[in-house]
Amino acid sequence: MTSRVAQRRSSVVRKTARGAVAALTAGIVLTGTAWSAQAAPAAPATPAAPDCGALRAAAAAPGAAAAAAAGDGTPSLSRSATTGKVSFTVANAQAPIGLWSKAALTLRTPVTKGTARLDLASHGFSTDSVTVQRYVPARHAWVDLDSRSGGGSWPQRGTLTFPVSAKDASARHPYSVALRFQDLDRPGRLTVNASVTDGRGRTLRAPARTVTATRPQVSVGGWQGTPALTRGGAARTFTLTVRNTTNRAYPALGATYFAYGAGKQHALTPKDLLLQQYRPGRGWERVDLTAGGCDPGMGATLRPGKKVLAPGATAVYRLRLSVAKSAPRDVVKADSGISVNNGDQSFFSRRLLFTVRGAR
């Protein structure tokens, strides 16, 4: 992943900040003319996670970047359904958040020192959150497209460009540029208008493509409102359920837990909370919490139930949390949360607030 993608990901986090805890949620689907798109309902805005340095690193799944990009070499796209001098196609009707989705721009007429342009118009999320890359065979690498925002803190229009030359392109011998894209923000809809200036004063336009959003269904059970946990008392049991309602497998499914809390003089530390996860055949196992870069703050990566989540499959995480008897007395409120990701990209989060009562 290029540094510009990382910078844009960080920028999206900052722009969607509404509080102290959460993660990005989104999915994006570029649709072809043969697929009838139905817009997914837009998700409510969620607060962005604080930039907690080591906390976020501890909560991230190992090998995230490599896992998220797995299988994303140059796309093998069918050209039989494309017509005209220039076309924009995608390999799959769905492109869930956390997965790079393959696309291509195809030329069927000669172009010398031309410029390809993708004009984006969004509804439900900022166009700044859309990352598109092209594959450069000579470098064996994916590179970001040059981007220009439509302006404002929440632009709904944006432009992406890249140079293109194909002097021998024709209807019998089309020339394709491999692309891949990902939305870093939230569900919504997007219109993509692709065009190419051929270097001789002509502009060739491809049919517009419609975009909808998709993502797995995630729910948290057993945690309602703001429950009270007693120092040295019983644990609170809750369940995280992830159902892959998309048509693509998630190869690096991961889940993280994070928590923090502070009083007038003290803050919660990893020794003050006991997080456990139920593993079939093993029973309840302790999950080690790691202090992060925030003050206070701690996090942990949950043990995977299913590392690869196939379409239609469900992963269930059974958890329980308790507060140690030695937890500081002046901490009476705490903030925690759960986040689900595929590699380094989160597509769900939920805050799990709780209060702390006196010891038994």
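This is a predicted model: local features need pLDDT of at least 70, side-chain atom pairs count only at pLDDT 80 or more; totals for chains, interfaces and linings use all residues.
## A serine in a loop

A polar contact is a pair of N or O atoms within 3.5 Å; inside a protein, one of the two must be able to donate a hydrogen and the other to accept it. The side chain of Ser 129 reaches the backbone oxygen of Ser 126, and the distance is 2.7 Å.

Where does Ser 129 sit? You'll find Ser 129 in the loop between strand 4 (111-123) and strand 5 (130-136). Is Ser 129 buried or exposed? With a relative accessible area of 1%, Ser 129 is buried.

## The chain as a whole

Now let's zoom out. The protein chain has 360 residues, and 49% of them count as buried. Its secondary structure comes to three helices and 24 strands.

How much of the contact picture comes from residues 24 or more positions apart? Taking the contacts in the chain with a separation of 6 or more, such residues account for 77%.

Strands of a sheet pair through backbone hydrogen bonds, and they can do so in a parallel or an antiparallel way.

Let's pick out one pair. Strand 5 and strand 9 (residues 175-183) are antiparallel partners, joined over five bridges. Val 130 has Asp 183 in strand 9 as its bridge partner.

## Another open sheet: 13-15-21-17-18

Another five strands form an open sheet, this time in the order 13-15-21-17-18, with antiparallel pairing. Which strands stand at the edges? They are strand 13 and strand 18, and because each has a single partner strand, one side of each lacks a neighbour in the sheet. Neighbouring strands of this sheet are turned by 25° against each other on average, direction ignored.

Follow the pairing across the sheet. Strand 13 meets strand 15 (residues 236-243) in the antiparallel sense over five bridges, with Gly 221 opposite Thr 239 in strand 15. Strand 15 is in turn joined to strand 21 by eight bridges, and these two also run antiparallel. Here Thr 241 stands opposite Val 316 in strand 21.

In a regular strand, side chains alternate between the two faces of the sheet. Have a look at strand 13 (residues 217-221) with that in mind. Val 218 and Val 220 make up its covered face, while Gln 217, Ser 219 and Gly 221 are on the uncovered one.

In soluble globular proteins, nonpolar side chains tend to be buried together. The largest nonpolar core in this model has 39 residues, and Leu 240, Tyr 257 and Phe 354 have the most contacts inside it. Which strand gives this core its largest share? That's strand 21, with five residues.

There is also a second, separate core of 28 residues. Among its members are Val 86, Leu 160, Ala 166 and Val 192.

## Salt bridges

How many salt bridges does the structure hold? The count is eight. One of them joins Arg 200 to Asp 198, with the closest N and O atoms 3.9 Å apart. Buried means under 20% relative accessible area and exposed means over 50%, so Asp 198 at 1% is buried, and Arg 200 at 61% is exposed.

Another salt bridge links Asp 272 and Lys 271, whose closest N and O atoms are 3.4 Å apart. Asp 272 has 1% relative accessibility and counts as buried, whereas Lys 271, at 59%, counts as exposed.

Glu 285 and Arg 303 also meet through their side chains in a salt bridge, at 3.7 Å from N to O. This pair links distant parts of the chain, 18 residues apart: Glu 285 is in strand 18 (residues 283-287), and Arg 303 is in the loop between strand 20 (298-301) and strand 21 (314-323). Glu 285 counts as buried at 19% relative accessibility, and Arg 303 counts as partly exposed at 26%. Both residues belong to a network of salt bridges that also includes Arg 279 and Arg 282.

Terms used. Residues are numbered from 1 along each chain as its sequence is written. Side-chain values use heavy atoms; hydrogens and water are left out. A salt bridge is a side-chain nitrogen of Lys or Arg within 4 Å of a carboxyl oxygen of Asp or Glu. Buried means under 20% relative accessible area, exposed over 50%, partly exposed in between (1.4 Å probe, protein chains only). Helices (H or I, at least four residues) and strands (E, at least two) are DSSP runs, numbered from the N terminus. Two strands pair if DSSP finds at least two bridges between them. Axes are lines fitted to C-alpha atoms, for helices over the stretch in contact, and angles run from 0 to 180 degrees between N-to-C directions. A nonpolar core is a set of buried Ala, Val, Leu, Ile, Met, Phe, Trp, Tyr and Cys residues joined through side-chain atoms within 4.5 Å. Contact means heavy atoms within 4.5 Å.
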